[in-house]
Every structure is written in structure tokens, then in C-alpha cells.
Amino acid sequence: MAKNKWFNWGKKKDKEKQEDTLIQPIEENEHVEENEIQENQEQETIIEENAVNAIVEENIENAGEVQETSEIPENTKAGFFGRLMNGLKKTRDSITRRIDEVLVSFGKVDEELFEELEEILITSDMGINTSLKIIDELREKVKIERIADTKKVREALKEIIASKLTDENTRLKLDTKPSVIVIIGVNGVGKTTSIGKLAHYLKKQGKKITVAAADTFRAAAIDQLEIWANRAGVDLIKHSEGADPSAVIYDAIQHCKSKDTDVLICDTAGRLHTKKNLMEELIKIFRIIRRELPEADIETLLVLDATTGQNAVSQAKTFSEVSELSGLILTKLDGTAKGGIIVSIKSELNIPVKFIGVGEQMNDLQPFNPSDFVEALFGDQ
């Protein structure tokens, strides 16, 4: 019952709108009539009910994350680092604490120690190839620097992992006006929620944002994105379910041109790499963008679910073969012990992680800082 109410809510206003609808941002101090307040309360109740009862369609990604949560104050770097420390607790338990236990149990640095460390990295979703490379470098470093103290072995390992994550391209390149961010990924990885949080982050940077709801295969995707656009206070361009995704992108681009928008964020259908027609639709979308905005900076970000471990690496490999990926958004790091896949993806595919998610709050999606990540991973908390 709650599910039907949630879907019907998203379609109430469609009857009163044209096919191409512009959702204006919600101003904080805007006067709201009593009936509008009541409607918003009903909407929030429906969303909350969905989250509690988990009554959602299988292909609605992270519907539970759509529920309204109290926003936290403006984040400082220290504030996010603290949440990063907390979010990486499971990964830290899986990797760092096991490493510490092994180092304490060994009285000397020998080949048996290296084998134990290698096993920990492999079983922590860093991948076989990446783990072997790290331990080989550790052996060499220990030999060259004549390291005999296990505590210094820990520091050496930390430095090597940090070097694997270092990349000059972790920041978004959004120098043109407008610039375009295309979000791709399979269903269920947190793609829609990541778009809402990314729009919120960029708006806080002083940028004017428009979101294009080009996942027209599911009405629920449009409705869910509308909720997140409203929460972020950004414009949304949408068509009806079943419309041509490229037409949505075209209209969104024209809107950006007329409204002097800084960044256009494009949602796309959750694409399984085995579905050739969906990949062809993605190519068509890029063709429209390049034709209408030939000079625009384009970021293509693949959203991956950290909880899927090495399966996320496989997705990244497949999508990199059909799209020019400029970066990754890694979600749900707070709910997994498999955060080591960040190292695996960067080492094996050389695709930079640009954003990471460590919670459900609006501010919990932040730019990836390799140094902070390694410090949080090897932290003492």
C-alpha cells in the first residue's frame, strides 16, 4: 500500500504540467501555504514509511536513503575526516587491525611475515595482483632501507598503499560554463542519491546546478531524482516515463544555456553491461552533448557500491571499455569491510576515485583525498 502511494505521489502533478517540466529550487524563506505544508508532511511520511518497511521495487536503488534526515551543520575538513574514520571502521578492522596483530606476533621481519601480510591484503578485497605488487614493493623497501623493526614495516606498508592511491586527477574539471557531469552505473549502487548529494556539494561551492532526469525507463527513477533535486535546491529537467533520454539531455542543455547554468548533471538508466541497447543509448547521449556543447568540459563518473567488493572492479573494467571514464564515485564505504577495492581499482585500472560516500547525510559525499583515506585507514580509532 505504501509503495503505491509513493509512486502515485510522484505523478500527481504530471497531469498539470507539460511533458518537459522545470522544477524550481525550494527557497528556505519562501512563504508556504498551509495546504502545501500538509502535502510536504504527507510526502515525508510516505518516504519514511517506505524506508521502515522496505517496500520498494527491486530495481529502485537505495530507496531507503531517500527518507528525510536532519541535516548536520556545515562540514569542516576535520568534521568529514572524523566521519571518514568512523565510516572506515569495518575496513580498518578487516585490514589494519589484522596487520597490527600479525606485526605484534612476529618478533622479526622475514618471508613468513610478508606472506601473512599478503594474505591479509588479498582477503581484504585489494585483489591478488594489487596485493602481490604491494608486498613485492614492501620486500624491496625493507631490503633497501634495512628495516628490522615491525613498527617501521607498518609505516612502510602505509606509504606504499598511499602511493598507489595518489593521483593528480582526483578533482573535477569543470572550467567551462556550462560543464557536464554524466553519471553512469548499474541499478542499486546509489546512483540517484549520489547525484543529489553531488548537486548539493557543488551548489555549496557557489555553482548553479541543473539536473537532467534521463533515466526514463523507470518512473520511480524520475520521482526519486525529483525528491533529491528538491532537497538540494537545484533545477530539474524531466520528461515522462518512456521518453527519449537524449531528448531530455537536449532540453536540459538548452535550459542551461538560457539560465546561465554552471554545471549540468545527467542521470542515465541503470545499465547492465550485457544490454547492448542501453550502451548504445549512452553513446547517443554523449553525441548530443558534444554536438550542443562542443567546448564543454565533460566528466563521466561511474558509481560503484563498495559493498560488492571485487564485483565493483569488474564493473569498472567493463564500463571503461565502452566509456571514457574520468573518475569513480564509491558509495557505502561506511557499510562494508571491503574498502580495499579503492586500492585495487586505482592500481589495476588507473581510474581515479573522485568522490566517496561514508553515510546517508547530504554532506556525507565528499571529494576523495588519498592522504586522508590512508590516515583514516591506519588510524587508531
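Are Phe 368 and Phe 373 buried or exposed? Both residues are buried. The views below come from a predicted model.

**View 1. Helix H7 crosses helix H14.** H7 covers residues 128–145, and H14 covers residues 341–349. The two helices pack at an angle of about 85 degrees. Their axes lie 9 Å apart. Angles of 65 to 115 degrees count as roughly perpendicular, so H7 is roughly perpendicular to H14. On the H7 side, the contact is made by Asn 129, Thr 130, Lys 133 and Ile 134. On the H14 side, Val 343, Ser 344, Ser 347 and Glu 348 take part. By class, this contact has 4 polar, 2 nonpolar and 2 charged residues.

**View 2. Buried residues of H14, and the residue after the helix.** Ile 341, Ile 342, Val 343, Ser 344, Ile 345 and Lys 346 of H14 are buried. Val 343 and Ser 344 also belong to the contact with H7. Asn 350 follows H14. The phi of Asn 350 is positive, near 55 degrees.

**View 3. Tyr 201 meets Phe 355.** The structure holds 2 aromatic pairs. In the pair shown here, the ring centres of Tyr 201 and Phe 355 are 5.4 Å apart. Their planes stand at 80 degrees, so the pair is edge-to-face. Tyr 201 sits in helix H9 (residues 191–204), while Phe 355 sits in strand S8 (residues 353–357). The pair links distant parts of the chain, 154 residues apart. Tyr 201 has 16% relative accessibility and so counts as buried. Phe 355, at 2% relative accessibility, also counts as buried.

**View 4. Phe 368 meets Phe 373.** What is the arrangement of the rings of Phe 368 and Phe 373? The pair is edge-to-face, because the planes are at 65 degrees and angles over 60 count as edge-to-face. The ring centres are 5.5 Å apart.

**View 5. Arg 231 over Trp 228.** Arg 231 lies over the face of Trp 228. The distance from the ring centre is 4.4 Å.

**View 6. Arg 97 and Phe 378.** Arg 97 has its place in helix H5, residues 96–105. Its relative accessible area is 35%, so Arg 97 is partly exposed. In sequence, Arg 97 and Phe 378 are 281 residues apart. In space, these two residues are 8.5 Å apart, C-alpha to C-alpha.

Definitions and conventions. Residues numbered from 1 in each chain as written. Predicted model: local features only at pLDDT ≥ 70, side-chain atom pairs only at ≥ 80, totals over all residues. Heavy atoms only, no water. Axes fitted to C-alpha atoms, helices over the stretch in contact; angles between N-to-C directions. Helix = DSSP H or I, 4+ residues; strand = E, 2+ residues; numbered from the N terminus. Parallel < 35°, antiparallel > 145°, perpendicular 65-115°, else oblique. Contact = heavy atoms within 4.5 Å. Nonpolar A, V, L, I, M, F, W, Y, C, P; charged D, E, K, R; others polar. Phe/Tyr/Trp six-rings, centres within 6.5 Å; stacked < 30°, edge-to-face > 60°. Buried < 20%, exposed > 50% of the residue type's maximum accessible area, 1.4 Å probe, protein only. Lys NZ or Arg CZ within 6 Å of the ring centre and 35° of its normal.
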